[in-house]
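Have the sequence and the picture at hand as you read.

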Amino acid sequence: MSFSQADMAAIWLTIKLASTVTLLLLIIGTPIAWWLARTSSRWKGPIAAVVALPLVLPPTVIGFYLLIAMGPNGAVGQFTQSLGLGTLPFTFWGLVIASIFYSMPFVIQPIQNAIESLGDRPLEVAATLRAGPWDTFFNVVLPLAKPGFITAAILGFAHTVGEFGVVLMIGGNIPGETQVVSVQIYEHVEAMEYGQAHALSALMILFSFIVLLALYGFQRKGKVHALSVK
Amino acid sequence: MIKACFKVAYRSSVKSDFSLDVKIDIPSKGVTAIFGHSGSGKTTLLRCIAGLEDSVHGHLEVSGQVWQNDNYCLKTYKRPIGYVFQEASLFDHLSAHENLLFAMKRAEHTVSQDNFDRIISVLGIKSQLTRYPNELSGGERQRVAIARALLVQPKILLMDEPLASLDTARKREILPYLERLHENFDIPILYVSHSLDEVARLADHVVVLEAGKVKAQGELTQVFSTLEYSSYFEQGTGVIIKAAVLEKDRQWHLMKVGFTGGELWLSDNDEKISEEVRVRILAKDVSLALSNHEDSSIANRLAGKVEDIIQEENSPIALVRLKVGDEFIIARLTGKSLANLGLKEGMRCWAQIKSVAIVH
């Protein structure tokens, strides 16, 4: 199995995209997951539904609306243009933003479940031991909900690696910028380069299998935080 | 002195409505028990004092410092409290020692090695320190939790039924440690319990709650010997008397204790001569006679004067309170016996006590 330079670029880009998205989603998703886990607001239902939308929508729908929003006439597009950044579609950062929306439930739900299963008690105990809110989050919640965070990171990463429809809508197929592995495979098939498509596809299967194996092995070892998303 | 006044109303579709409306004064020394049946609001009251209940109206002043009033509420993590929860609440990801360190790092003042050693030895957890919570027994976990609450160097220790989740054997294992707490550490303890035994054994003061309201509060022996409250204790109605061990009868494994009202014989539990003990005399174990029956099998007979009598309507039971020396004894009789004896307030009679239990 050998990869061409374009294939290697696609693999590297995919890893870069998935890492960036996972990192950003952990930062953005944690407060949302925290809020969803702890609130009794009447907005909980609607927000949870919005977060879960990518689970059921065709990726093309998300891609389509993001394309319009980030395009030259869209609200986001006008904003980025006014900052002198140009428009986001067909750029790496456009892909990052689209992937964040698309992979959001896979990161938020495991964290939310982990925080919900902690309950109030550890937080109350921490407060009676003089730990302030941030102290409590980093020294009590994070370690206790660690399995949930690890699950979230693995799923967020794997799911971003595996996306195709959103990439095609937002990113197109620009080598080194938006041409990720899944799109590259499509490209090879279109060009009847089945050998190279095989190599990349086999790599994806291997990767996904190892990720899931690691995930289930990890969940068996640590506390089981049920995956509600899959 | 801790002055607390709270008004809380919970409306919930799941549970029935509950309201707490209390005003209490708690002395800043010794153990104050908050006693009540389940649902009386005692845990809620303790949580209000800790600041763990949201949106509660109230005033709270602890040794002159305002913790809460109409437009101010000190956050829980800024209150100098120690809190022991009903079930073990150790952090699972930390060993027993790390759990203690968690508290020490956040304590207002550094904990001296002496103080640390003393707390560890009073609670007997030296050999458990390296273990994780899931490797400890329920009793050990609770002892570590108590040590952790002490290491945060609180100005007041709040304990929410710390024994309720333990079986009888574990309770017996922990009770001596709790007794040693207030002998060894000079901080006020608020102790929530629904167990009369624990209250009788540990408390100096008691606040009795019923349906979210204060039914009685005051010194332990005084609250227990007040007739109008005592029916609340049901089968546990009875008095607690502080007495001193006078002598021992090795042959029959008995010891004699004395108080202002006389002397009592009870089984010898290895107490030392002249040690102060608490004895509990239940009203159902006391019968009354107009003369001293020396030919009776009942060894403990005390002379007293009828202080007051309560007989509820439509109930066959009457409670009679006798003044014996400076203390009181309550007897539970039927209304019929009461009428037969013709007992009236101020009359002299003899209390025959079938059993006396030592609680301390």
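In α1(A), the residues A:I32, A:W35 and A:L36 meet A:K44, A:I47, A:A48 and A:V51 of α2(A). Here, contact means heavy atoms within 4.5 Å, and helices (H or I, at least four residues) and strands (E, at least two) are DSSP runs, numbered from the N terminus. This contact divides into 6 nonpolar, no polar and 1 charged residues. For these classes, Ala, Val, Leu, Ile, Met, Phe, Trp, Tyr, Cys and Pro count as nonpolar, Asp, Glu, Lys and Arg as charged, and the others, Gly among them, as polar.

Before going on, please keep in mind that this is a predicted model, in which local features need pLDDT of at least 70, side-chain atom pairs count only at pLDDT 80 or more, and totals for chains, interfaces and linings use all residues. Residues are numbered from 1 along each chain as its sequence is written, chains are lettered from A and ligands numbered from 1 in the order in which they are written, and side-chain values use heavy atoms, with hydrogens and water left out.

Two packed helices are described by the angle between their axes and the distance between the axes. The axes are lines fitted to C-alpha atoms, for helices over the stretch in contact, and angles run from 0 to 180 degrees between N-to-C directions.

| Helix pair | Angle | Axis distance |
|---|---|---|
| α1(A), residues 5-38, and α2(A), residues 44-56 | about 140° | 10 Å |
| α2(B) and α4(B), residues 138-151 | roughly 20° | within 8 Å |
| α5(A), residues 92-118, and α8(A), residues 146-161 | about 160° | 8 Å |

Angles under 35 degrees count as roughly parallel, over 145 as roughly antiparallel, 65 to 115 as roughly perpendicular and the rest as oblique. Therefore α1(A) and α2(A) are oblique to each other, α2(B) and α4(B) are roughly parallel, and α5(A) is roughly antiparallel to α8(A).

A crossing is left-handed if the near helix is turned anticlockwise from the far one by less than a right angle, and right-handed if clockwise. The crossing of α1(A) and α2(A) is left-handed, that of α2(B) and α4(B) is right-handed, and that of α5(A) and α8(A) is right-handed. The residues where α5(A) touches α8(A) comprise 9 nonpolar, 7 polar and no charged.

In chain B, the residues B:A96, B:N99, B:L100, B:A103 and B:M104 of α2(B) meet B:V144, B:A147, B:R148 and B:L151 of α4(B). By class, they are 7 nonpolar, 1 polar and 1 charged.

**Chain A as a whole**

Chain A has 11 helices and 0 strands. Its C-alpha trace spans about 65 × 45 × 30 Å along its principal axes.

**Where the chains meet**

One salt bridge links B:E87 and A:R121, at 2.4 Å from N to O. B:E87 lies in the loop between β7 (81-84) and α2 (96-106) of chain B and A:R121 in helix α6 (residues 121-128) of chain A, so the pair joins two chains.

Definitions and conventions: Salt bridge = Lys/Arg side-chain N within 4 Å of Asp/Glu carboxyl O.
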